[in-house]
Amino acid sequence: MRCIYCGTPLSSIDYCTGCGADVTLQKRIARISNLLYNEGLEKAQVRDLSGAIACLKRSLKFNKENVAARNLLGLVYFETGEVVSALSEWVISKNLNVPDNVADVYIAKLQANKNKLDTINQTIRKYNQALLYCRQDNEDMAMIQLKKVLVQNPKFIKAYHLLALLYLKRQEYEKARKLLKKAAYIDNTNTTTLRYLKEVELATGMSTSLETKHKKKYAREETVNRLTGATTYMSGNEMIIQPATFRESSAVATFLNICLGLILGGAIVWFLAVPATRQSVNASANKQVTDANTKMAQQVAQVQGLEDQIETYQSEVEEANKTRDDANKKVDSYDQLLKATQTYLSGDQSSAASQLTEVDGDSMTGEGEKLYTSLNTLLQDYVFNEAYNKAGTAYMAGDYATAITEYTKAVAANPDSFDAINYLAWSYKNSGDAVNADKTFKEALQKFPAKASEIQPYITNASSGTTTQTAETDADGNPIDQTQETDANGNPIDQIAETDAEGNPIDQTAETDANGNPISQTQETDANGNPVTTIQ
């Protein structure tokens, strides 16, 4: 025995001399395994094979390297006719690499006899076929197969059990009793054998004796001569020769015997050989169909695998192309950002603003994002002032289409400008687009609720076909504010809004230049009223 920790051979002391580990438990387990092996050996010697198998299995649970227990278990399996289980145990024992292992001898003897191995394989196949016949309720064919199995392997206990069970089902109790007594001779304490014998005894009312009968010492032994047919036996000290009985046979009887033999031979061929041949042909055809289906399934699996690989490669190519396009787009955005920066530094703010709109801000990271944010902040004010001034000029000139376009740009640059949104709504209204005018007024009302008194009267709900309030207009069609101041008696005082030369209202909140264009309060202007942008 070796230490389970370091592999050092153990001595009589309770600790390993190699690693110093406590091996008391290991030795105790080994002793228990050896004890169970001895019990199994004792039971095997009295042909208690079922008990021996149980003890040896328990012994191997305690010590799987107990070579003696494993070899004995293989012998017990072999004795019960289960050759496959025996070979399994012997192969495991051989792989433990123990010197002078008797399992090598067992395996060599079994492999040396090829006919024996073929016979074992045939018995296994026939037993499995008999089980299949039983499941298909084809009991006659199952009994034929089982009888062949018992001829080839007389120690196969499971075959005895199955055939005896078929006899019990047909109520042929004596035949079942005979088979079960043979099984009991192989394994005295097999529970299945004893249970079936109990059923036979209950059905027949007769007990079954399992004692082996021996011939009496002075019983008469007869010998029959195959050539002459004479019977020879001993009577005391005298040898008695009894000649064979001669019976004369006529030609008619001989002919009848020949005909009966031919009929019987034909019947045997028809009922045994023809079904076997037919079964062999069907089995061969089924095997060919199975092989063809297996080959087809393998090819289908290969094709499916190749298609999956193609899809994987295509997805990888698409992902790579997408990554490349994103990288190119990012590079183009950085190039465009640099161009916009250079243009801005050269003083051409209009071109810089136009170039900045072509930059994808979402692709910017790090310092590029900071530069984009700073430049966008600087140019937003310029874009707003330029668009606001152009829109005011167009509005004063009555070019409401241009005013709408420019005011839209101004609102996009500075969404918090009430003047830009308000004049955009008036541009829509004066151009006759009541739907967009209402939409813009409502957006202004939502953003600037404090201006509700200036916005609410001009919302007509043109999209729904209803009018909230009809605003009074002047001669040029411009609305007049209906919110009027009253005197001490509550009489309204007419508030006349200041207008330009063409009658258009002048925003009282926005300062205008010499040409009447509104000037943003957030931007510094030059002498001509144009906004001046300061570079930080």
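**Exercise 1.** Work out how H8 passes H10: in a left-handed or a right-handed crossing?

*Solution.* Step one: H8 passes H10 in a left-handed crossing, meaning that the near helix is turned anticlockwise from the far one by less than a right angle (clockwise would be right-handed). Step two: H8 covers residues 157–169 and H10 covers residues 191–204, and they pack at about 15° with their axes 11 Å apart. Those axes are lines fitted to C-alpha atoms over the stretch in contact, with angles from 0 to 180 degrees between N-to-C directions. Step three: H8 and H10 are therefore roughly parallel (angles under 35 degrees). Step four: the contact (heavy atoms within 4.5 Å) is made by His 161, Leu 165 and Leu 168 of H8 with Thr 192, Thr 193, Tyr 196 and Val 200 of H10.

A quick word on the source: this is a predicted model, where local features need pLDDT of at least 70 and side-chain atom pairs count only at pLDDT 80 or more, while totals for chains, interfaces and linings use all residues. Residues are numbered from 1 along each chain as its sequence is written, and side-chain values use heavy atoms, leaving out hydrogens and water.

**Exercise 2.** Find out at what angle the axes of H15 and H16 cross.

*Solution.* Start with the axes: those of H15 (residues 418–430) and H16 (residues 434–447) come within 8 Å and cross at roughly 160°. That makes H15 roughly antiparallel to H16 (angles over 145 degrees). Next, the handedness: H15 passes H16 in a left-handed crossing. Finally, the contact includes Ile 421, Leu 424 and Trp 426 of H15, and Ala 437, Phe 441 and Ala 444 of H16.

**Exercise 3.** Count the aromatic pairs, then look at how two of them are arranged.

*Solution.* Rings of Phe, Tyr and Trp (its six-membered ring) pair if their centres lie within 6.5 Å, and the count comes to 10 aromatic pairs. Take Tyr 395 and Tyr 400: their ring centres are 5.6 Å apart and their planes sit at 75°, so the pair is edge-to-face (over 60 degrees). Tyr 395 is buried (under 20% relative accessible area) at 1%, and Tyr 400 is buried at 18%. Now try Phe 418 and Phe 448: with centres 5.4 Å apart and planes at 80°, this pair is edge-to-face too. Phe 418 lies in H15 and Phe 448 in the loop between H16 and H17 (452–455), 30 residues apart. Both Phe 418 and Phe 448 are buried.

Conventions
Helices (H or I, at least four residues) and strands (E, at least two) are DSSP runs, numbered from the N terminus. Angles under 35 degrees count as roughly parallel, over 145 as roughly antiparallel, 65 to 115 as roughly perpendicular and the rest as oblique. Rings of Phe, Tyr and Trp (its six-membered ring) pair if their centres lie within 6.5 Å; planes under 30 degrees apart count as stacked, over 60 as edge-to-face and the rest as tilted. Buried means under 20% relative accessible area, exposed over 50%, partly exposed in between (1.4 Å probe, protein chains only).
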